[in-house]
Amino acid sequence: MENATGTATGTGTGDAPDAGPRERGPGSRRPVDAALAPVRPRLAVLTALIAVRTVVGVALPALLATAVGAVLDGGDVRGPVAALAAVLAAGALCEIAAGPLASSANASGTRRLRTLTVRHLLALGPRSPYAVGEAVTQVVQSAPMAAALPAQAAESAIALLGSVAGLIALWWTNWEAGLVFTLAMPLTVLIAQRFMKEAGRAQEDYLGAQSRIADALVAALAGVRTIRAAGTLATEADRVLAPLPHLSAAGRAMWRTERDVVWRLGLLLPLTDVLVLAVAGLAVAHARLSPAGLLAVSGYLALASGMVDQIDALLAIAQARAGARRLSEVFRHEPAAGGTASATPADGAVRLRGVTVRRAGAPVLHRLDLDLPAGASVALVGRTGAGKSLLAGLLGRLTDPDEGEITIGGVPVRGLPLDRLRSYVVYAFERPELYGRTVHDALSCGRPGVSRADVVRAARAARADRFVRRLPAGYDTPLDHTPMSGGERQRLGLARALVRPGLVHVLDDATSGLDTATEAEVSRSLTGLLAGRSSLVVAHRPATAARCDVVAWLDGGRIRAFGPHDLLWADPDYRAVFGPAGAVVTRTGPSTPQMKEQRCPGEHP
């Protein structure tokens, strides 16, 4: 029996990627802005329309005052009225065009952000720090909020410029009225700034509480059979809705903030208007301002007041900024980057040297060394929580080690492009998810051009062909019309892996849902179908380990022993890995196990 731990070889390359997703540096381009780049032409046109509409708003008081002055003076009104009508028409046309364009830009931005967010989350895969509910919240809520931010920000910025222009025109028309308004403006600006800060914080808390409820709901729905069987519906409902008070508190805080600013501005702005108009009226009474000028002051006052009288716009911007910040946090985590090596692995030999993987600061795998011979089937065994699935995920870079190096056929896996690596390392999981419209689509996932004959051959090897042919349309049966047991789903997942001609097949407890007889049949089929290919089999049954050529025993973060199952079986610690020993497994041939019954002490035949 060969001990595979050997002498530690150090930390390998020393520059292996982190086990989790990498984070972008502070100098990286803002991902949400980059994602919305294709929408910028429409946003530019929308900005131009809003600018023209604002210019019209600034010009209207002066044109209206001119027209009224012409009427009061008995002069020619055709020119002023024509100019006023033309400007009003231009403003109306801009208003008509801006609405649909803003909706179109927001919809396109939302679609693009949602698409990129989904792709990014899928690319992160097991590295994603987000639970399912949180990820759904990001796609459903944060993306449309972030997509609306550019248009809302542009509209608010141009409206602010229009208000500034109105204030300048107010000073120009009557400096006394302009001074009164300017003295009142700092207080209103402070109120608006406080509102933006508090509303943004409340919106982020609200979205966070929604995400926690979504996470708990997704977990409960996944285990709904267990909940019903245990009769814990009320308990689980309470658990799912536990963040509801936080959600309510955040919502109440948001509305309380809006209420406070509304009544304050609701008092301050009318008072400011009264004071400004009173000062302007005194100017008219003392012949310092014409009656038409009073009309212009009234128009410019309304325009200047717009810089603070935008509670709805400020709330929308606060919500959009909260969504953009949450979405930027998603893009801050980078998926694994593939290499650029053009070398092709010589064979399916896998070599791990000095591999360390940490979780929550503690090592799960520690300076692990392991060699998987080319063309051999290797069982990976260990106690629950030993890190078997974690180790299996390293081969195809479903996760990366904090230290150490992994090679396939002499080529470091970090140097291979991800698409090529995934064609070399093929996985079958304990609980496979099936994607596609039909059963055939599910089995050919990742290989759209594969023939029906190849799909059927793989299904037969996984002992899935018989029950698939019993379906109403066989392999063309829609997946949502295909009720399956856990074992049948496992067999389809295994067949999907067998369709892909990889160098290394990783079976992560992929037959745990099969009965012993079916598992033995599948193992015999795999022996022929995977001849010449390497396979790593995460095993929890003694019979599964016995059918493999050799066993790697994972214990304490390292490979404790490496050798044939029947030799390792003599070690009581090894037998304890599989629970109470109910059977002794010996090998009678290269792939044919023989089970010998072992009675418990005191048991009579």
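**Reading salt bridges, helices, strands and a surface patch**

Mentor: Arg452 is partly exposed, at a relative accessible area of 34%. The model is predicted, so local features need pLDDT of at least 70 and side-chain atom pairs count only at pLDDT 80 or more, whereas totals for chains, interfaces and linings use all residues. Residues are numbered from 1 along each chain as its sequence is written, and side-chain values use heavy atoms, with hydrogens and water left out.

Trainee: What do buried, partly exposed and exposed mean?

Mentor: Buried means under 20% relative accessible area, exposed over 50%, and partly exposed in between, with a 1.4 Å probe and protein chains only. Asp476, at 43%, is therefore also partly exposed.

Trainee: Which side chain meets that of Asp476 in a salt bridge?

Mentor: A salt bridge is a side-chain nitrogen of Lys or Arg within 4 Å of a carboxyl oxygen of Asp or Glu. Asp476 meets Arg452 in this way, at 2.8 Å from N to O. The pair links distant parts of the chain, 24 residues apart: Arg452 is in helix α14 (residues 452-461), and Asp476 is in the loop between α15 (465-469) and α16 (486-499). By this rule the count comes to 14 salt bridges.

Trainee: How are helices and strands assigned?

Mentor: They are DSSP runs numbered from the N terminus: helices are H or I with at least four residues, and strands are E with at least two.

Trainee: Where do Arg457 and Asp454 lie?

Mentor: An α-helix has 3.6 residues a turn, so residues three or four places apart point the same way. Both Arg457 and Asp454 are in helix α14, three residues apart, which is about one turn of the helix. They form a salt bridge whose closest N and O atoms are 2.6 Å apart. Arg457 is partly exposed at 46% relative accessible area, and Asp454 is partly exposed at 29%. Elsewhere, salt bridges that share partners join Arg351, Arg353 and Asp371 into one network.

Trainee: How far apart are the closest N and O atoms of Asp371 and Arg351?

Mentor: In the salt bridge between Asp371 and Arg351, that distance is 3.7 Å. Asp371 belongs to strand β4 and Arg351 to strand β3 (residues 350-359), so the pair ties together parts 20 residues apart in sequence. Asp371 is partly exposed at 33% relative accessibility, as is Arg351 at 41%.

Trainee: What is the order of the strands in the open sheet?

Mentor: Two strands pair if DSSP finds at least two bridges between them. The open sheet has four strands in the order β4-β3-β6-β7, with antiparallel pairing. Its edge strands, β4 (362-372) and β7 (411-412), each pair on one side only. Strand β6 (residues 403-408) is joined to β7 over two bridges in the antiparallel sense, and Pro412 in β7 is the bridge partner of Thr407.

Trainee: How many residues does helix α9 have, and what span does it reach?

Mentor: The expected span is 1.5 Å times one less than the number of residues. Helix α9 (residues 291-305) has 15 residues and reaches 21 Å from its first C-alpha to its last, close to the 21 Å expected. Its buried residues include Ala292, Val297, Tyr300 and Leu301.

Trainee: Which residues make the nonpolar surface patch?

Mentor: Patches are made of residues with over 30% relative accessible area and no salt bridge, joining like charges within 9 Å and nonpolar side chains (Val, Leu, Ile, Met, Phe, Trp, Tyr) within 5 Å. Accessible areas come from the Shrake-Rupley method with a 1.4 Å probe, and for residues only the protein chains shown count as cover. Here Val132, Val136, Val140 and Val218 make a patch of about 300 Å². Helix α4 (residues 132-173) gives the largest share, three residues, while Val218 lies in helix α5 (residues 175-222). Val218 counts as partly exposed, at 32% relative accessibility.
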